[in-house]
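Hi everyone, thanks for coming. I'd like to walk you through one model today, so let's get it up on the screen.

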Amino acid sequence: MGQEESRTEEMDLAQIQELCIVFMKECPSGALHLHEFKRIFGVQSSSAEESLYIETIFHSFDTNKDNTLDFLEYVAALHLILRGNLEDRLKWSFKMYDKDGNGKLDRQEVKRLIRILHKIKIQTSDVNMTPTEICDRIFELVDQNHDGQITLSEFMEGAQKDEWVMNLLKLDINVTGWVIQNCGKSP
């Protein structure tokens, strides 16, 4: 079992190294812009939902808000997506939802991302709820003090108590598989 885990870890490291090589090849200046990020991950301009999703991901990793990803931001992003633990991924998901950065999620922020995910993920699943219904159910289950906002602690606790909520809140659309599949694709 230990050898199997080691091989998996080595494979992950090899994939990360490959993605880093792509970064250096695509961005010799050391700064990755949004349009380059989209090109590296093969996001077609014809897919508005996928484009908006990748923009949200890009901005969530642009920690210094300079509209580029430097090498360290890029590596941190890859590490989180490919190898991050559940708590770190939930914190990242919260950051993705929290568009205004105030540390609380309102219905508009949650609904915005649910609409994107609904078009990318949920339309191929057996969920028969609208984005508004999904948002309402999330707030019923997660907003413990019913103030119309979800804090990070409510988000973390709510996700860990309910599998349905967990799958929605952690943005579980197989980001790892999507990154590996799309990295280096030409649009």
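First, a definition: I say a charge sits over a ring if NZ of Lys or CZ of Arg is within 6 Å of the ring centre and within 35 degrees of the ring normal. With that in hand, look at Arg 137, which lies over the face of Trp 164 at 4.0 Å from the ring centre. Likewise, Arg 107 has its charged end over the ring of Phe 139, 4.5 Å from the centre.

A word on the source: this is a predicted model, where local features need pLDDT of at least 70, side-chain atom pairs count only at pLDDT 80 or more, and totals for chains, interfaces and linings use all residues. Residues are numbered from 1 along each chain as its sequence is written, and side-chain values use heavy atoms, with hydrogens and water left out.

Next, Ile 138. Counting contact as heavy atoms within 4.5 Å, and skipping residues up to four places away in sequence, Ile 138 touches Val 110, Ile 114, Asp 143, Ile 150, Trp 164, Leu 168 and Leu 169. So much for the charges and contacts; on to the rings.

Rings of Phe, Tyr and Trp (its six-membered ring) pair if their centres lie within 6.5 Å; planes under 30 degrees apart count as stacked, over 60 as edge-to-face and the rest as tilted. How many aromatic pairs does the structure hold? There are six, and ring pairs link Phe 23, Phe 71 and Tyr 74 into a cluster.
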